[in-house]
Amino acid sequence: MTVSTFYPDASPETTSVDGRTGRNEGATGVAWTTLRDGAGTESAAAAATWWANLVSGAASPNWRIMSRALALFYTASIPDGDIIDATTFEFVSTVKADNFALSLAMVLSTPATNTTIVAGDFTQLGTVRQAADITFASVTSDSATYNVMTLNATGRSNISKTGVTKLGFRTHADLDNLEPTWVASTEGIVEIASAEEALAGDKRPKLVITHTTPPVTFTPRTMVF
Amino acid sequence: MADFKIVDVFTQDGQLIVKAEHYHATGSLWFVENYTWQGREGLKQKRATNALGQLLLSDNSVAPSRIVRPGLPDVLEQYLPTGAQWKYRPGPHMDEASILSVIASIHQQRLAAGWPQGQVDVLRRFKPTQEDEGGIVGLTLGFQSLKGRIV
């Protein structure tokens, strides 16, 4: 077994990136479907944190902001023949608010490029879970402790041994299209230290991959003289 | 009794390799594991902050802030103005805790899940890039002091 740890690039990115993309409809907000299914209006790839969040509008039953996040890892150094035995995505949270009983869900992402995040990437997050969700309630948000999401078999199969592993993060309400019970001007958020973090110690998000070199099978050959 | 001991710190194919012996609570050898980090980590630096945790620009001024999440109160985020440069701390972003925390975490995970006593795994050839080759020397030199560390 070998355990290899990977981090997204910080700005200026060369092979990977992490950050957020979102849709912001202003204080009044819009219908859930309009917010969730619309185009992105903002993005950030060089900030010290990124987040997945949901913010309700001032007018019932509207919603104001929805943000999704992307974290890419250059994992091509893993030997091609190695088996991926286990993988965890680990992150440090700096802020959280659990007003809508949300969970953080991990999916794949397909950003326009691997080295920046643009508003258009808001519609480039997948719909298949790569790990079990982690509830906002269970996230330790102290700017120091790592929270762990363990990738499932689907997630492990999507670890790239030839390029970039591209993960995305959405609230479960966003992913499963489950509009929460509306409350005016309220936010549900998990904010995560990015590759550009400036906290005490190294608190970057990381992908920790356990991989194994498969045994060599010897097949004896019959010599005929 | 110690959970693990760093027995070697070396490079292979542009990767930092930290070899650790993990022990049972009795002190007997449990398994040996190789932990790796890409050499490019030697080129990554952490942005510098002042005593208040505010990000600094290369001229030592505090980076300006802007609203990123309106609310009560508004949430502010520091940003890099056009034409400016961040100030960085010397040395790689990784620190000793970056390495020791992964090893400790694996120890606890395998303690909880059960783990057969393993043989030393043979490291297959990794696939480095020019970035990995460029950063590996500085990265490895910085962590040689971990050799022999017992946790």
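Contact is taken here to mean heavy atoms within 4.5 Å of each other. The structure is a predicted model. By this criterion, and with residues up to four places away in sequence not counted, Phe91(A) touches Leu104(A), Ile134(A), Val139(A), Thr145(A), Tyr146(A), Asn147(A), Met149(A), Val190(A) and Ile192(A).

Phe91(A) also belongs to the largest nonpolar core, which has 35 residues. Together with Phe89(A), Leu104(A) and Phe169(A), Phe91(A) is among the residues that touch the most other members of this core. Two or more residues each are given to this core by α1 (32-37), β4, β5 (63-74), β6, β7 (103-108), β10 (164-171), β11 and β12 (206-212) of chain A. The largest share, 5 residues, comes from β5(A). A second, separate core contains 23 residues, including Val3(A), Ile6(B), Tyr35(B) and Leu139(B). In soluble globular proteins, nonpolar side chains tend to be buried together.

The largest pocket has a volume of about 530 Å³. Its lining consists of 22 residues, of which Ala48(A), Thr49(A), Glu191(A), Gly53(B) and Leu76(B) are the closest to the centre of the pocket. Strands of both chains contribute to this lining: at least two residues each are supplied by β4 (49-56), β6 (83-98) and β11 (187-193) of chain A, and by β4 (65-69) and β5 (75-78) of chain B. The strand β5(B) gives the most, with 4 residues. By residue class, the lining of the largest pocket comprises 12 nonpolar, 6 polar and 4 charged residues.

How values were computed
Residues are numbered from 1 along each chain as its sequence is written. Chains are lettered from A and ligands numbered from 1 in the order in which they are written. This is a predicted model: local features need pLDDT of at least 70, side-chain atom pairs count only at pLDDT 80 or more; totals for chains, interfaces and linings use all residues. Side-chain values use heavy atoms; hydrogens and water are left out. On a 1 Å grid over the protein atoms alone, a cavity is a set of points where a 1.4 Å probe fits but cannot get out, and a pocket is an open set with protein on both sides within 12 Å along at least five of seven lines; lining residues have an atom within 4 Å of a point. Grid points are joined across faces, edges and corners, and a volume is the space filled by probe spheres set on the points. Ala, Val, Leu, Ile, Met, Phe, Trp, Tyr, Cys and Pro count as nonpolar, Asp, Glu, Lys and Arg as charged, and the others, Gly among them, as polar. A nonpolar core is a set of buried Ala, Val, Leu, Ile, Met, Phe, Trp, Tyr and Cys residues joined through side-chain atoms within 4.5 Å. Buried means under 20% relative accessible area, exposed over 50%, partly exposed in between (1.4 Å probe, protein chains only).
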